[in-house]
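User: Can you walk me through this one? I'm new to reading structures.
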Amino acid sequence: MVAAAPWMLAFALGGFVVLVTAGRRLGEPLAGWVGTAAITGAFVCAVVTWLGLLGQSDRTVTITLFDWLPLAGSEVKVALLVDPLSTTMCLFVTGVSALIHLYSIGYMHGERDFTKFFVYLNLFVFSMLLLVLADNLLITFIGWEGVGVCSYWLVSYYFDKDSAASAGKKAFIYNRVGDVGFLVAMFFLFTHLHTLTYLGIAKGAPTLSSTDVTLVVLLLLFAATGKSAQIPLFNWLPDAMEGPTPVSALIHAATMVTAGVYLLCRMNQVLDLSTTGRATIATIGAATAFVAATIATSQHDIKKVLAFSTVSQIGFMVLAVGSGAYAAAIFLMVAHAFYKGLLFLGAGSVIHGLDGEQELSRMGGLRTLMVWTYATFLVGWLTIAGVPPFSAFFAKGDVLKGAWSYSKPLWAIGVVAALMTAYYMTRLFVLAFTGDPRFLAAAGGRPALHPPHESPWVMRLPLVVLAACAALAGLLGSPLDRYLAPVFTNSPAVPLSSSVSTTLGIVDGVVAVLGLGLAWMLWRGRVERPELTPRFLERVWYWDDLYDAVLGRPSTALARTSAEVLDPVVIDGAVVGTAVAVRRGARELRRLQNGQVRSYALTIAVGLALLVAYLLARTF
Amino acid sequence: MTIPAAWYLIVSALLFGIGALGVLVRRNALVIFMCIELMLNAANLALVTFSRVLHDVGGQATVFFVLVVAAAEVTVGLGIVVAIFRSRNSAIVDDVSEMHG
């Protein structure tokens with residue numbers, strides 16, 4: 001039943017329309033239930049579509065909804081491309097979204113704009129589904145911008161808070177910078193291939209010259225660095241944590257930020273044609289994985305640690321894409337959606353219980369107070385750390401195997417990043433859940449808090465489901481590989497011999513346990529260790545300061561010059577000058593209008609005489 | 001013996017000059033009015049003269065228009081002068097300068 005694919009979009013859009021028109025009348029919590037039901041419906045449609053696709057031998061189906069833009073020689077259709085890649089994306093996007101909608105009913109309880117939250121969330125899911133289901137770049141771009149704007153609205157959800165408002169702007173502007181890459185790549189492909197459909201581009205790409213292909217790949221990579229928070233455009237993601245925690249879980253961890261990786265995977269036939277492009281992608285990915293992991297070791301805010309962890313994990317995915325291990329990238333994306341969604345929701349549960357406290361230094365001892373959160377977070381922690389039976393061990397293992405066969409130095413960077421992943425997550429876990437409770441005493445100007453209560457069942461259920469998925473998603477590895485094979489046809493990954501493969505697996509496991517043990521020893525019973533959280537890392541490698549110095553301050557100086565010199569002197573000078581000149585001229589000229597009839601007559605007579613004199617002089 | 005056309009023109013020019021000078025130098029509104037009439041009639045004389053010289057009746061026809069316009073002008077103008085005289089007991093044009101800028 002592949003025909004169910006458009007109904008995914010219809011459900012999400014329907015939920016949005018109902019909530020935007022009747023949301024306020026529905027009120028809390030009914031609006032939340034409507035939103036959740038819509039996305040659950042979309043999930044059911046995704047499952048039906050997937051089962052339908054499994055049942056047929058041709059695994060690439062295009063469903064044309066309507067013609068949209070007639071363009072020179074070809075036209076843009078609103079069409080859906082249902083294939084293994086898009087169905088995989090749809091399954092986990094709708095599944096995780098449904099859980100997070102459910103969770104939000106509990107988390108957003110009592111918020112001022114309860115319905116508005118679900119309006120944005122449903123519109124987000126619609127845009128995300130449009131992004132992954134589109135059969136051409138233009139429709140993908142609409143979804144791409146749709147998720148961007150929803151992200152903006154949701155990051156600045158608490159818009160009366162200054163930091164949230166500016167974080168929203170930062171997210172939006174960074175994304176716009178990346179969008180330039182997307183747009184230019186799209187224009188370039190259309191002028192050269194006269195088509196925007198993915199199938200058409202895949203077919204036509206070999207006719208492009210190698211420089212052109214490299215250019216397109218680099219432009220797409222630039223687009224992906226914006227959306228997926230990679231170097232050099234990663235700084236917006238940590239700030240995006242100003243949004244409510246379910247948003248961080250859904251948009252800024254599980255789904256939207258993986259859109260860049262999805263785009264690169266979708267264009268894999270083009271990527272395969274450019275060695276330079278792929279090398280750049282792999283390098284950016286490895287560098288981001290490493291840099292973000294170092295930063296995550298030194299953050300003090302529970303959500304900031306998770307945010308940098310997300311940047312780092314997406315770095316792994318990009319590394320896999322560059323290495324040509326596309327299936328591994330998607331595998332990690334799915335597993336990451338589960339475990340990072342879980343970790344964020346767990347963090348949200350903690351924050352919810354502690355009346356909005358996010359500082360790790362004010363947590364501790366939550367193990368006995370929030371049993372469900374603790375147990376599920378434990379699973380999430382062991383998963384992301386890469387401890388063997390859990391999913392990330394297999395997913396990250398596949399990525400690192402891909403990196404090994406592509407380039408040994410990049411593999412080494414990836415392993416170091418994996419080590420740090422285990423380290424910083426253990427640090428977070430130890431600080432938040434073990435030791436003595438530190439929130440009972442007032443500190444840093446903030447009052448003492450009550451011991452937290454466990455969250456309601458609507459919040460616990462998603463945690464449990466996601467924990468189960470995160471733990472068991474490792475089983476997906478080889479089925480997913482086979483399922484995705486038709487999409488990644490000419491994947492250039494070299495198969496490894498089984499002995500090398502086993503050795504790499506052992507290395508991954510050892511690294512995970514090593515990082516875990518190291519952090520356990522260093523942070524057990526400690527709160528502050530300034531020597532391990534250097535200022536350089538706390539300040540994000542001074543990355544924001546660099547942008548501030550290179551772009552921010554010169555732009556501000558330019559703006560100030562304009563405001564203080566250009567505007568008052570040049571612009572106002574011209575405008576006011578005209579007015580003054582007219583007024584002065586008029587003051588002089590009005591003296592001529594003296595009201596004396598005889599002087600007017602004299603003027604006429606003199607003028608006439610001059611005119612006659614002129615005419616005579618011209619004649620003779 | 002016929003009088004040459006130039007003589008008529010000279011008379012016309014003299015009348016026009018006297019009229020123009022009167023308009024410029026006299027201050028009484030009624031006298032200025034008469035001077036304007038003088039100028040109009042000087043122009044009429046020139047028109048008639050050229051009409052004769054050029055054997056074109058158009059000039060004489062124009063004179064009738066000028067006469068009509070002059071009559072109309074006198075009606076309106078005298079009305080204004082009388083109105084001004086009533087309000088300020090004087091017909092000196094220099095006193096009437098309310099319209100200055």
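User: What comes after α18(A), and what is its phi like?
Analyst: A:Gly435 follows α18(A). Its phi is positive, near 75 degrees. Keep in mind that this is a predicted model.

User: And α18(A) itself, how many of its residues are buried?
Analyst: 21 of its 26 residues are buried. So α18(A) is mostly covered.

User: What span should that helix have, and what does it have?
Analyst: Helix α18 of chain A runs over residues 408-433. At 1.5 Å a residue, it should span 38 Å. Its end C-alpha atoms are 37 Å apart, so the two agree.

User: How about α4(A), how many are buried there?
Analyst: In α4(A), 19 of the 20 residues are buried, and the helix is mostly covered.

User: Now α20. Which residues are buried there?
Analyst: Helix α20 of chain A covers residues 477-484. A:Leu480, A:Tyr483 and A:Leu484 are buried in it.

User: Why do those count as being on the same side of α20(A)?
Analyst: Because they cover an arc of only 90 degrees around the axis. In general, an α-helix has 3.6 residues a turn, so residues three or four places apart point the same way.

User: What's on the other side of α20(A)?
Analyst: A:Ser478 and A:Arg482, which are exposed.

User: And what do the buried residues of α20(A) pack against?
Analyst: They pack against α3 (84-107) and α15 of chain A.

User: Which residues does A:Ala329 touch?
Analyst: Leaving out residues up to four places away in sequence, A:Ala329 touches A:Val261, A:Cys265, A:Met317, A:Ala320, A:Val321 and A:Val399.

User: Switching topic. Is A:Glu564 buried or exposed?
Analyst: A:Glu564 is exposed, because its C-beta has 10 other C-beta atoms within 10 Å, and 12 or fewer counts as exposed. A:Glu564 is found in helix α23 of chain A, residues 543-589.

User: How are A:Glu564 and A:Cys469 placed?
Analyst: They are 95 residues apart along the chain. Their C-alpha atoms are separated by 59 Å.

User: Zoom out. How many helices and strands does chain A have?
Analyst: Chain A has 24 helices and two strands. Of its 620 residues, 52% count as buried. Its C-alpha atoms fill a box of roughly 115 × 65 × 55 Å along the principal axes.

User: What share of contacts in chain A comes from residues 24 or more positions apart?
Analyst: 82%, taken over contacts with a separation of 6 or more.

User: How many residues of chain A are in contact with chain B?
Analyst: 11 residues of chain A are in contact with 10 residues of chain B. The side of chain A that touches chain B has four nonpolar, four polar and three charged residues.

User: Last one. What are the model's scores?
Analyst: The ipTM is 0.80 and the pTM is 0.80. Chain B has a mean pLDDT of 90, and 98% of its residues reach 70 or more.

Conventions. Residues numbered from 1 in each chain as written. Chains lettered and ligands numbered in written order. Predicted model: local features only at pLDDT ≥ 70, side-chain atom pairs only at ≥ 80, totals over all residues. Contact = placed C-beta atoms within 7 Å. Nonpolar A, V, L, I, M, F, W, Y, C, P; charged D, E, K, R; others polar. Helix = DSSP H or I, 4+ residues; strand = E, 2+ residues; numbered from the N terminus. Expected span 1.5 Å × (residues − 1). Arc of directions from axis to C-beta. pLDDT = per-residue confidence, 0-100.
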